[in-house]
Amino acid sequence: MTEQITRSDRIGRPGKIIAIHLSYASRADQRGRRPAAPSYFFKVASSVAASGGTVERPAGTELLAFEGEIALIIGTPGRHVGLEDAWSHVASVTAANDLGLYDLRANDKGSNVRSKGGDGYTPLGPNLIDARTIDPEDIRVRTWVNGDLRQDDNSAGLIFPLAQFVADLSQHFTLETGDVILTGTPAGSSVIVPGDVVEVEVDAPNAPGAPTSGRLVTTVTQGDVSFDESLGSLPAVDDTQRADAWGTDPSTAEPVEASGLSPELRAKLEQAPTAGLSAQLRKRGHHHCFIDGVAVNILGTKIVGTARTLRFLPAREDLFASHGGGYNAQKRLFDAVGEGEIIVIEARGDATTGTLGDILALRATARGAAGVVTDGGVRDFDEVVRIGLPVFSQGAHPSVLGRKHVPWDVDVAIACGGAAVEPGDIIVGDGDGVIVIPPALVEDVVDATLAQEDEDAWIAAQVEAGHPVDGLFPMNAEWRAKYEARSVAEPVEAQGSEPR
């Protein structure tokens, strides 16, 4: 058998480059779909480039995008490899940038021959990590553009384990020494332009010696040769391609919230009290929108955001051994939560242990999370308050997670405080409590709530001016006519005979 590649060997031109279409949960959630099984495409060997090189954006195109990835380099050839033996066929791990030109993506219907096959579209390196020295479920990948961190994920966040790619592919053809498997990119991929410098690093910070690939550096340049229309299909883009390529609103280059919670809608929700929102939900037949039994840790705080969900199972020794340690579901979600999002935790209403503490509160704050809602307890309660992260919970408890809970899954439908919560639901919390609004209803509900608030404020002014509530709250026809005819929100002068 061919000996495995060693860390000191340089990366040569592979016989095959196999890439995965969609593999990270964070990326799948961004795209709104999760594949049931891996799917693949090939990249040409001439696309391989070394660190420190350049990649050309062809003339007449606009959507060249980076994708930081973990690359596996096959050492021992394999055919029909079992899952339990698959990792032993991987010699090395390194960084990759699976560059793609979205202007050409539609032309090849998923094969990506032209959109991913350009010269320099597969930078690899610079260093190899010995696969035998690291845990395949604890490999980190990060990407920077012009020094700004754009991607930060871990192989634990993959929908399918790395070894599965090796075993699955070997069912169909022989994996040979030097073949490269590009294992997919996490959320954060976006468009790059001439002059941008992209750096990708793969490492294993928890392994002995914290081995790293080093920074894989690629600079974008502008090409001056256009595609010849007489030879084949030409680049073409539309709003769908732009949205997929940017992962953001291309007109603003600001993140697009997955739920469609625009700044305007968020501002309306900030003004709307939960009491008014819940009343409007009840009018529309939604009577189970309350997350019961929780109170905010910082009085006067209001939270508005889209739900990211975390599910805990009841503690069981074998399950905690397999899911509780390392880069578990709880840590992954706090590392992945986005700006304006709210982490909602199903702890089965058990307040006798903490479901987060000060370290995770710091991480959520750094990521820009709008808050946390948990029907369990909070450890390091006073420090979490000091950090400033709004948390709705059942209160303080000093015990650690493993006493009662196993962190099990993220971004799934959960039950929190008696309410069903799906990822992307709208969460609003204030002094009256926390409610859950289905995204399809939020525009109608918030507009009706603000209209009702305006009406209630006018009624309150009439009561304060001395009018009795009978006929005013709720308004009868006479009071309704006065309300609709008002030019300013001033009270009607109280007289001996008020509208009845």
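User: Hi! In which sense do strand β6 and β7 pair, and over how many bridges?

Analyst: Strand β6 (residues 68-74) pairs with β7 in the antiparallel sense, over seven bridges. Two strands pair if DSSP finds at least two bridges between them. Helices (H or I, at least four residues) and strands (E, at least two) are DSSP runs, numbered from the N terminus. This is a predicted model, where local features need pLDDT of at least 70 and side-chain atom pairs count only at pLDDT 80 or more, while totals for chains, interfaces and linings use all residues. Residues are numbered from 1 along each chain as its sequence is written, and side-chain values use heavy atoms, with hydrogens and water left out.

User: Thanks! Which residue stands opposite Gly68?

Analyst: That is Asn97, in β7. β7 also pairs with strand β10 (residues 129-130), again antiparallel, over two bridges. There, Val93 has Ile129 as its bridge partner.

User: And how many residues of β7 are buried?

Analyst: Eight of the eight residues in β7 (90-97) are buried, which leaves the strand mostly covered. Buried means under 20% relative accessible area, exposed over 50%, and partly exposed in between, using a 1.4 Å probe and protein chains only.

User: What about β28, which residues cover its faces?

Analyst: Gly433, Ile435 and Ile437 are buried on one side of β28, and Val434 and Val436 on the other. β28 (residues 433-437) has five of its five residues buried. Strand β27 (residues 426-430) pairs with β28 antiparallel over five bridges, and a hairpin of two residues joins them.

User: Which residues pair up with Ile435 in β28?

Analyst: Ile435 has Val428 as a bridge partner, and Phe290 also stands opposite Ile435. Phe290 belongs to the pairing of β18 (residues 290-291) with β28, which is antiparallel with two bridges.

User: Switching topic: what is the strand order in the open sheet of five?

Analyst: The order is β4-β15-β14-β11-β12, with mixed pairing. β4 (53-57) and β12 (148-154) are the edge strands, each pairing on one side only. From one strand to the next the twist averages 20°; axes are lines fitted to C-alpha atoms (for helices over the stretch in contact), and angles run from 0 to 180 degrees between N-to-C directions.

User: Now pockets. What volume does the second largest pocket have?

Analyst: About 840 Å³. On a 1 Å grid over the protein atoms alone, a pocket is an open set of points with protein on both sides within 12 Å along at least five of seven lines, and lining residues have an atom within 4 Å of a point. Points are joined across faces, edges and corners, and the volume is the space filled by probe spheres set on them.

User: Which residues are closest to its centre?

Analyst: Of the 36 lining residues, Ala156, Gly157, Leu158, Tyr327 and Arg332 are the closest to the centre of the second largest pocket. α8 gives the largest share of that lining, five residues. By class there are 16 nonpolar, eight polar and 12 charged residues. Here Ala, Val, Leu, Ile, Met, Phe, Trp, Tyr, Cys and Pro count as nonpolar, Asp, Glu, Lys and Arg as charged, and the others, Gly among them, as polar.

User: How many aromatic pairs are there?

Analyst: Two. Rings of Phe, Tyr and Trp (its six-membered ring) pair if their centres lie within 6.5 Å, with planes under 30 degrees apart counted as stacked, over 60 as edge-to-face and the rest as tilted. Phe42 and Phe173 make a tilted pair, 5.8 Å centre to centre with 40° between the planes. Phe160 and Phe165 are edge-to-face, at 6.4 Å and 70°.

User: Why does the Phe42 and Phe173 pair tie together parts apart in sequence?

Analyst: Phe42 lies in β2 (residues 40-43) and Phe173 in the loop between α3 and β13 (180-182), so the pair links parts 131 residues apart in sequence. Phe42 is partly exposed at 46%, and so is Phe173 at 22%. Phe160, by contrast, is buried at 5%, and Phe165 is buried at 0%.

User: Last one: which peptide bond is cis?

Analyst: The bond from Gly125 to Pro126, with omega near 0°. Pro126 sits in the loop between β9 (122-123) and β10.

Notes
On a 1 Å grid over the protein atoms alone, a cavity is a set of points where a 1.4 Å probe fits but cannot get out, and a pocket is an open set with protein on both sides within 12 Å along at least five of seven lines; lining residues have an atom within 4 Å of a point.
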